[in-house]
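Hi,

Here's the structure I promised to pass on.

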Amino acid sequence: MGIHKIDVATGIQWIEVPEAGLRVLCGCPADAVKHLLKRGLILRKEIKGVACETGPNAILLSDLPIQNGEFANLAEFPVLQMLYKQGLILPDHPNNTGSKPLLIGSADQVDAQLRYIYRGNYGLVSQEEMIEAGAAPEQAAALMRMKLAFAFGRIRPTRDFLDTRIVGDVAVTVADGVSVRRLRPNVFEFRHEGETAVVDLNLKAGETYECPYPLGYRRFEPEYFSIIHSGEGDGWDVNRPSMSSILTYQGRIFLIDAGPQLSHTMAALGIGIDQIDGIFHTHAHDDHFAGLTVLMRAGRRIQYFATPLVRASVAKKLTALLGMEEERFADFFDTRDLPLDAWTDIEGLEVMPILSPHPVETSVFVFRTLWGEGYRSYAHFADIVSMKVLAGMVTDRDDQPGLDAAAFERVRTAYATPVDVKKLDIGGGLIHGDAADFRQDASPRILLAHRAGELTPVEKEIGSSAAFGTADVLIAGESDGLRRHGFGYLAAHLPGAPLHQIRMLLNHPIGEINPGAIILKEGEMPQEVILVLSGRVEKLRTQSGLFGNLSAGAFIGDVAILENRPSQNTYRASSFLRVLRLPPPVYAEVVHRNELQHSRKHVASLGAFLNSTHLFGDNLPATVLERIVDGASVHNFRAGEEISYQDVQVLNIIRSGRVERSIGERVMDILGECDFFGEEIAIFKLPYLFCLKALEETTVIQIPGELLEDVPILRWKLLETYQQRAARALHDEDEPDRLHWNEALSVQVARMDRHHMRLIEIANAIIDNLNTHISERSLANVFDALVDYTRHHMEAEEHLIALYGYPGAAGHARKHAELNDQLAAFRERVLAGDVPEKAVFRQFFENWLIRHISDEDRQYGAFLNAKGVY
């Protein structure tokens, strides 16, 4: 029967070995289950009278958690499909034979998925976590009781439901007679009885994961206060996006939730990422969460509105996926905490989050604004629970899972709040709502959502449905919001130009460009200067491998006009566009009259170079790029010159030349044109562990970190690159003198494991630099890095174990003090000239930290695991 291989969609493949009963979903980006449904690889069937589905029983994970800016591993819904829709976990189900779904992949990605699924199942897992997030102790106790009711009485580790296989270069058995091994990064070979099949999960440059359903294109019409319906389905609906809405208010645009395919949704509606002012977030399930990476790739930090508990739950799940510290969440979003059950005024738009019982921390939202004789209002109720299910959880025993009668009444009353438009989750089952609960609702317009398929006749009597892209206009707009935004873009682009000239430019016609239309081709002279007012533009230079996107505020053709040269890129509308069309002579005259030609050409020249790099070539607002260019400087290094510590305090982009990056005598890589270095200190405030030397005359663009810190897309790309480089250094098995991370060192608490890996990385930098011609300053830098990070780690560790009442917390803190003293003494000896051999330092580090991890840290790890902390 052999191995069957099917290409399902971009980045998704299917391997089936019928003889071994193995069905592998290879690659699981967002909406992978919908792709399997569309291809007929998941089918509805009946076994012994029980309805269920077919589907995979194993998942092969990508080695890369992020590819081309999108999550590559989102196993939550595929795992749910296996456990519940196939019935592998359901009591007395004919498919529940005791076998568990299988996760296959690298150790770090398997571990990340286990932790992310854990957070997707439960959110915050203890009263301690809820209190740390801001809940009062009595509130935390009540919320934990309710959570346990959804969890059937206890929080269970993900390994209770899943098996795992770690894949390396040596073949590992995944089923009877079937093995898999890694051929190279993200390329795997399956073998069965001499037959092989190769799976390549790498995306090519410019490729993105496919959207499983067609959306078409809609014209976005901003109104004073309106609701655009951007999703009415659920995580299983193969024809529609998951439940979401887009709220417009006084020209501002807010998302309500960020489900899968968000970039496709916004493109279909003609909304660019940098037109988004903020997101109101209900909860952390993937069908409301998977699109966050789109917002993290914006040119500025987008406002994130949620209750503190929802924010904490989302941050823990997101950072589990990305392998970063929870506090880094605020690097990508401008977080704005909202109090429960209270109105918050956001410049005239009032919002009240309401607690909604759900397996993870969840809030539904009511919005209102003053108008006429009162308010216009909208309620977005995703996700909610049916009153029948919730009533079954009511108990008067506060030591049992559930909620009391008073809490039940508060929820029922809140759900019944009358508004002008109310959108409801009616997904049914144990964790979603029921349309019947709203039969008597006094709201004049009710919309039913969060379900796959058509409404039933009974549901049609209760509420309406909404087609994708349609809108409920609560207050019509009377002002020209596009020209108002255009004024701001022009004023920023032409600093110092008098008001009458800006108004003159603004008085030119606003036009519309259809999706798919080429606006300007590479090599053509532009016939007009175009200012993008809304929508998204694709920027291409395929010969250079350059693919990027522009959104509102971007100018097209201005540089070519001023320099009297053809365009260097092709620009193509990827949504409906609204643009301001400016005649080239008029635009050039305004530039010359205000003596802006030199600054515009400088910005154009340096901006064009930065735009040609992977780092800066995508989604940067024009105003942000111009600010960066204004603060950048040019620096030259001679051939053979060692690059100083001072020069890596800023981000360096190589414009010409080559730079060698090494640790000690070990060359890590050679950097060339458009590559960068210095992000560790400039952006992440981490110690710099490398030595750099110009191999030839080299020119770099130096950019201070403060200009880049609040640009999420740059942080995102820099983080992606830094993590890949750090992983290579940490797992390099070819250097026998170096320390290597292995699972035996894991304390099974993700944050502390990351800290320990970082300490090993710094220790390896010290090992590599010993017995070389390293300067005293460089040696001091790496030892200072070890001292500083040790202090940071130990403070975080002591806070964590104290939070959960670890009995050995005081003794652990005393041990930390001893270790700090030992490290300080060793550092002083080295800096005084007593430089040890590599083996001596390695032995010191193993006795100093590795033994501490094995002897002491693993004890608190077991204690925290018992508390549900992983």
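To start: in which helix does Phe487 lie? Phe487 is in α14, residues 481–493 (helices are DSSP runs of H or I with at least four residues, strands are E runs of at least two, and both are numbered from the N terminus).

Before the rest, bear in mind that this is a predicted model, where local features need pLDDT of at least 70, side-chain atom pairs count only at pLDDT 80 or more, and totals for chains, interfaces and linings use all residues. Residues are numbered from 1 along each chain as its sequence is written, and side-chain values use heavy atoms, with hydrogens and water left out.

Back to Phe487: it counts as partly exposed because its relative accessibility is 29% (buried is under 20%, exposed over 50%, partly exposed in between, with a 1.4 Å probe and protein chains only). Leaving aside residues up to four places away in sequence, Phe487 touches Leu499, Ile502 and Leu506 (contact means heavy atoms within 4.5 Å).

Then there's the sheet. Seven strands make an open, mixed sheet, ordered β20-β19-β18-β17-β16-β15-β27 (two strands pair if DSSP finds at least two bridges between them). At the edges sit β20 (333–337) and β27 (471–475), each pairing on one side only. From one strand to the next, the twist averages 20° (axes are lines fitted to C-alpha atoms, for helices over the stretch in contact, with angles from 0 to 180 degrees between N-to-C directions). β15 (residues 225–231) runs antiparallel to β27, with four bridges, and Ile228 has Ala471 in β27 as its bridge partner.

Cheers
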